[in-house]
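Here is a short briefing for a first look at this protein. Start with the display, then read the points by topic.

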Amino acid sequence: MEQKKAKIVAELQAVKHNSGKSYNQLAEETGLTNVYVAQLLRRQAQLNPQTAPLLRAALPDLPQDLVSEMMRPPLRSYDPNLIQDPTVYRLNEAVMHFGESIKEIINEEFGDGIMSAIDFYCSVDKIKGVDGKDRVVLTFDGKYLPHSEQVSCFLVLFFCEIENNNQ
């Protein structure tokens with residue numbers, strides 16, 4: 001399965017490379033975020049039927065068999081050695097370093113819960129800092145999901161309802 005995915009990703013990356021377009025250009029042409037376009041071309045996200053024509057227009061050499069493959073639910077996985085890449089390592093380090101404070105602020109602003117990584121938008125932007133040097137801006141825009149109180153009466157009612165329906 002992983003070998004098939006690697007082959008498809010290599011083909012998708014070749015189409016992008018041969019187009020000469022950046023992820024930002026493809027994002028602009030498709031109306032998606034640059035990170036989501038990258039996720040699509042790495043088979044980490046599923047291509048929606050409404051978006052397929054926009055992606056085909058942006059990447060005219062994208063063959064229909066790859067488009068069809070991209071519209072299937074992907075195997076969302078990663079190479080465990082990816083953490084060795086300096087960019088990925090530093091990103092992980094930043095989240096680990098600031099994570100406890102970020103969690104505390106999420107809890108303070110929203111309550112006991114988490115940020116979804118499913119209902120989630122992510123983008124990478126380039127800006128000039130106050131010193132005139134290039135800076136990276138990462139945006140993680142996730143839906144807030146409150147934790148549920150696990151009240152046993154709801155569980156009992158659920159199972160009672162199932163038993164009543166089976167009789």
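UniProt positions are given in the numbering used here, and annotations may be inferred rather than shown by experiment. With that in mind, the unreviewed UniProt entry carries the annotation "domain: Cyanate lyase C-terminal" over residues 77–150. The model shown is predicted.

**Domains and the annotated span**
- The protein chain is divided into domain 1 (1–71) and domain 2 (82–146).
- The centres of domain 1 and domain 2, taken over C-alpha atoms, are separated by 24 Å.
- Residues 77–150, the span annotated in UniProt, are 34% helix and 39% strand.
- The end C-alpha atoms of that span lie 31 Å apart.

**Helix 6, from start to end**
- Helix 6 covers residues 86–110.
- Asp85 caps its N-terminal end. A side-chain oxygen of Asp85 lies 3.0 Å from the backbone nitrogen of Thr87.
- At Gly99, helix 6 bends by about 55°.

**Lys5 in helix 1**
- Lys5 sits in helix 1, which spans residues 2–19.
- Is Lys5 buried or exposed? Lys5 counts as buried because its relative accessibility is 12%, and buried means under 20%.

Note on methods
Residues numbered from 1 in each chain as written. Predicted model: local features only at pLDDT ≥ 70, side-chain atom pairs only at ≥ 80, totals over all residues. Heavy atoms only, no water. Bend = angle between axes of the 7 residues up to and from the residue. Helix = DSSP H or I, 4+ residues; strand = E, 2+ residues; numbered from the N terminus. Polar contact = N/O pair within 3.5 Å; in protein donor to acceptor, adjacent residues only side chain to side chain. Domains from an automatic or database assignment. Buried < 20%, exposed > 50% of the residue type's maximum accessible area, 1.4 Å probe, protein only.
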